[in-house]
Amino acid sequence: MHADVHHLLHTVQAAELHAGAGAVILPRAGLRTRVGWALVEVGLRLTAQSRDTAAAAHRAAAFHPA
């Protein structure tokens, strides 16, 4: 295939893709998405808190006064 034909085909395909991309509308973050991320944040906080509590309990159990 000649370079000029290849370039012409590429230009046509790029124009078609560009025209099609304008028709796509991205949805806004709805209530479901916001609630989902809030639940993820709560879960991460709970796991971080349980790790701190478990580490403190392990330190207390390892402490033996003389």
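Q: In helix α2, about how many helical turns separate R45 and E41?
A: In this predicted model, helix α2 covers residues 31-62 and holds both R45 and E41. The two sit four residues apart, so their separation comes to about one helical turn.

Q: Which residue forms a salt bridge with R45?
A: Searching the whole structure turns up one salt bridge. The cut-off for a pair like this is 4 Å between nitrogen and carboxyl oxygen. R45 has its closest N and O atoms 2.7 Å apart from its partner, and that partner is E41.

Q: Is R45 buried or exposed?
A: Exposed means over 50% relative accessible area. R45 comes in at 57%, so it counts as exposed.

Q: What does E41 count as, going by its relative accessibility?
A: The middle class lies between the 20% and 50% cut-offs. E41 has 40% relative accessibility, so it counts as partly exposed.

Q: About how much accessible area do L31, V35 and L39 have together?
A: These three make up a nonpolar patch on the surface. One of them, L39, is found in helix α2 and is exposed, with a relative accessible area of 59%. Taken together, the accessible area of L31, V35 and L39 is about 310 Å².

Q: What share of the chain's residues is buried?
A: The chain has two helices and zero strands. Its accessible surface is about 6500 Å², with 67% of that belonging to carbon and sulfur atoms. Buried takes under 20% relative accessible area, and of the 66 residues the buried share is 0%.

How values were computed:
Residues numbered from 1 in each chain as written. Predicted model: local features only at pLDDT ≥ 70, side-chain atom pairs only at ≥ 80, totals over all residues. Heavy atoms only, no water. Salt bridge = Lys/Arg side-chain N within 4 Å of Asp/Glu carboxyl O. Buried < 20%, exposed > 50% of the residue type's maximum accessible area, 1.4 Å probe, protein only. Patch = residues over 30% accessible without salt bridge, like charges linked within 9 Å, V, L, I, M, F, W, Y side chains within 5 Å. Areas by Shrake-Rupley, 256 points an atom, 1.4 Å probe, with all protein chains shown as cover.
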